[in-house]
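Reader: I would like to learn how to read a structure like this one, feature by feature. Where do we start?

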Amino acid sequence: MDHFIIDAHAHLWLKQDTVVNGKPIRPLPNGRCDFMGEERQMLPPFMIDGRNTAEVFLSNMDYAQVAGAVIVQEFIDGQQNEYLAEVARKYPDRFFVNGMCEFREPGFLEEGIGLLDAGFKGLAIPGHRLPLEGEGRMWLNSPEMIALFKEMERRGAILSITLADGDTQVGEMKEVIQECPDLKVAIGHFGMVTVDGWMEQIKLAHAKNVMVESGGITWLFNSEFYPFPSAVKAIKEAADEVGMDKLMWGSDYPRTITAITYRMSYDFITKSPLLTADEKNAFLGDNAKAFYGFGELPVLPYVKNMSE
């Protein structure tokens, strides 16, 4: 590997034990999960205890030669602030860790400020899982949200956010960006690239401090499967719109490696003839290093497989 790689969208948890939309999410043996009443393979089957720890991820990262990773949070995993604060203390050179508030109901401003005070350098919002209908809708441009975003902007904290399909929340995000022009924002899931209207999310990156990361892109193109040629074409299309310097690779580890290996979640990029070497380096590492402020990264040698 002649260049470093950074994963801009990954998850860690000690235990999934939560309720979303009134339905439970609980770990089962052998990497499976009771996911809202349906049994799912949440983790690879060798992760038998349901724990998705930093140490296991670091082993995957070292093997795949991924130098650093950004840890986001999701409501379906349950809040992991306490564990992730520990991860950040133990592995400050490998992980950029985001905190998460209970954003699904009012009253999160104090909690968010508390997380920033505790040392979190960013906050993650699973915007696609916020209440989106009726009187209980949570608006990204509500006064409480704007107050938190302004405080994040003042402190130089980063907002990692995934949005609902298409342009559902794009108008709200445009107002957030206008109100907080110096807030650094990472739009996740590559704008839900397989859904109509995805480019409207990508276009948010025309703003100076907004980036887009590709967490979950292999999941979104799973029906096509490796080497995901349509995913590469979508990355090219997004780069034509906002520039390759606005795009970052993300894996959505560990859920995506139930179908592919961790290395496969990026090497379809390295092997593609459609991207130049400079474009690959920017997408896979340079952009994320600059945006998240990673320092010196480890040099990870390639270890030959027994099967080679």
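Author: With one residue and its place in the chain. This is a predicted model. Thr 53 sits in the loop between strand 5 and helix 1 (54-64).

Reader: Which residues is Thr 53 in contact with, leaving aside its neighbours within four places in sequence?

Author: They are Leu 12, Trp 13, Leu 14 and Tyr 83.

Reader: And Asn 98, where is that found?

Author: Asn 98 belongs to strand 7. With a relative accessibility of 0%, Asn 98 counts as buried. Not counting residues up to four places away in sequence, Asn 98 touches Val 70, Ile 71, Val 72, Gln 73, Leu 84, Phe 120, Gly 122, Leu 123, Ala 124, Ile 158 and Ser 160.

Reader: How should I think about a nonpolar core?

Author: In soluble globular proteins, nonpolar side chains tend to be buried together. Here the largest nonpolar core has 91 residues. Those with the most contacts inside it are Phe 57, Phe 95, Phe 103, Phe 149, Met 173, Phe 190 and Leu 247. Helix 8 (residues 229-242) gives the largest share of this core, seven residues.

Reader: What does Phe 190 touch, not counting residues up to four places away in sequence?

Author: Its contacts include Trp 198, Ile 202, Val 212, Ile 217, Ala 234, Leu 247 and Phe 283. Glu 213 and Ser 214 are also among them. There is a second, separate core of 16 residues, and it includes Phe 96, Ile 158, Phe 291 and Tyr 292.

Reader: How do I read a pair of aromatic rings?

Author: A pair of aromatic rings is described by the distance of the centres and the angle of the planes. A search of the whole structure finds 14 aromatic pairs. Take Phe 228 and Phe 268: their ring centres are 5.3 Å apart and their planes are at 70°, so the pair is edge-to-face.

Reader: Where in the chain do Phe 228 and Phe 268 lie?

Author: Phe 228 is in the loop between helix 7 and helix 8, and Phe 268 is in helix 9 (residues 264-270). They are 40 residues apart, and the pair links distant parts of the chain. Phe 228 is buried, with a relative accessible area of 1%. Phe 268 is buried as well, at 2%.

Reader: Which residues do ring pairs link into a cluster?

Author: Phe 57, Tyr 91, Phe 95, Trp 249, Tyr 253, Tyr 262 and Tyr 266.

Reader: Now the pockets. What is the volume of the largest pocket?

Author: The largest pocket has a volume of about 620 Å³. Its lining has 25 residues, and Arg 40, Arg 129, Trp 219, Asp 252 and Arg 255 lie nearest its centre. Strand 5 (38-41) and helix 7 (217-220) are the elements that give two or more residues to this lining. By type, the lining divides into eleven nonpolar, eight polar and six charged residues.

Reader: How many residues line the second largest pocket?

Author: There are 17, and the closest to its centre are Ala 88, Pro 92, Phe 95, Phe 96 and Lys 121. The second largest pocket has a volume of about 290 Å³. Helix 2 (81-90) and strand 7 (95-99) each supply at least two residues of its lining. That lining divides into ten nonpolar, three polar and four charged residues.

Key:
Residues numbered from 1 in each chain as written. Predicted model: local features only at pLDDT ≥ 70, side-chain atom pairs only at ≥ 80, totals over all residues. Heavy atoms only, no water. 1 Å grid on protein atoms, 1.4 Å probe; cavity = no way out; pocket = protein on both sides within 12 Å on 5 of 7 lines; lining within 4 Å. Points joined across faces, edges and corners; volume = space filled by probe spheres on them. Helix = DSSP H or I, 4+ residues; strand = E, 2+ residues; numbered from the N terminus. Nonpolar A, V, L, I, M, F, W, Y, C, P; charged D, E, K, R; others polar. Buried < 20%, exposed > 50% of the residue type's maximum accessible area, 1.4 Å probe, protein only. Contact = heavy atoms within 4.5 Å. Core = buried A, V, L, I, M, F, W, Y, C linked by side-chain atoms within 4.5 Å. Phe/Tyr/Trp six-rings, centres within 6.5 Å; stacked < 30°, edge-to-face > 60°.
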